[in-house]
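Hello,

Here is the structure you asked for, with the sequence. My notes on it follow below.

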Amino acid sequence: MVPMMVTLKTELRALCEKWEPVFAKTMRQNKRALCEKWEPVFVTIMRQNKKLEQRVRLRFNARWSKPILGEKLVLGAIAVLAMGVLLVAMPRLIAGGLLALAPGVHSSLAYPSAEERPRTTLWLEAASDVAPLPDIAFHQALIARLDRDADEAQALERLLKVSPLRPDEWNRLARLRLSSNPQQALQAWKVSVFSGRVYPPIMADRLEVGLQLSVLMSVDEQSILRDQIRLAYVLRPAHVQHMLARSANKAFAPLVTEVVAGLSEADIAAMVRIHALH
């Protein structure tokens, strides 16, 4: 059995060696014939596809280079609407810019000084001529009131008798009384805190007034001051740092640092939540 298998393998190998060149030659001839037969067909199809692609590209470019009437009307309506919005908003933008640049209009809500009022009045009049914004009217009325009252502190006291729930005005009164009557300044400062414990626009300025009055404070009043340090730092840390950078306030840095070092996890989470939105 074994010699027979060996004989078959030998014969098969001999047949393969004999006919392999013939089969290879036949395959090459058939391959060449197939290519010669089908090459014109494929070339024609490729040319047709290329022409079709060129026609599609030309139609697409022609379509979008010349918008139809409906598209022109839509684009025109959008342009007219944009111009209308710009015309309506531009006077308010100009008036707001003039208001912000007025010398006596301060971001800290400080009142314009006697030297600033004449120039501030001119800026406000120019802004009002462009667009009569409510903020412009407010500052004009404020300057008119300050011009009528030679003593601003007395004017504030009269105002606060009529409208006492004004933490910004009480803080302003405290600052005005700071040098002339510190005890009255301290009382005004406490009323400012009680009427608006959290009032972001004046937090840093009120904290500065409170720190300057800290030598007069009792233990309970010191607790109120520490609470204001904590709230001011949580709400506006940059404003507090800017306030402490002034030479007159550097002596209060250790107290502020002590309070800030004791911030709770809730305070820190509130800081992150507030300032992550900005």
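The buried residues of helix H6 are Pro167, Asp168, Glu169, Trp170, Asn171, Arg172, Leu173 and Ala174. That makes H6, which spans residues 167–176, a mostly covered helix, with 8 of its 10 residues buried. Please keep in mind that this is a predicted model.

For the protein chain as a whole, 29% of the 278 residues count as buried. The accessible surface comes to about 19,100 Å², and carbon and sulfur atoms hold 65% of that area.

On secondary structure, the protein chain contains 12 helices and 0 strands. As for contacts in the protein chain with a separation of 6 or more, 59% of them join residues 24 or more positions apart.

Helix H9 (residues 219–235) packs with helix H12 (residues 265–276) at an angle of about 35°, and their axes are 8 Å apart. On the H9 side, the contact is made by Arg230, Tyr233, Val234 and Leu235. H12 contributes Asp267, Ala270, Met271, Ile274 and His275. By residue class, the contact of H9 with H12 divides into 6 nonpolar, 1 polar and 2 charged residues.

Regards

Terms used
Residues numbered from 1 in each chain as written. Predicted model: local features only at pLDDT ≥ 70, side-chain atom pairs only at ≥ 80, totals over all residues. Heavy atoms only, no water. Axes fitted to C-alpha atoms, helices over the stretch in contact; angles between N-to-C directions. Helix = DSSP H or I, 4+ residues; strand = E, 2+ residues; numbered from the N terminus. Contact = heavy atoms within 4.5 Å. Nonpolar A, V, L, I, M, F, W, Y, C, P; charged D, E, K, R; others polar. Buried < 20%, exposed > 50% of the residue type's maximum accessible area, 1.4 Å probe, protein only. Areas by Shrake-Rupley, 256 points an atom, 1.4 Å probe, with all protein chains shown as cover.
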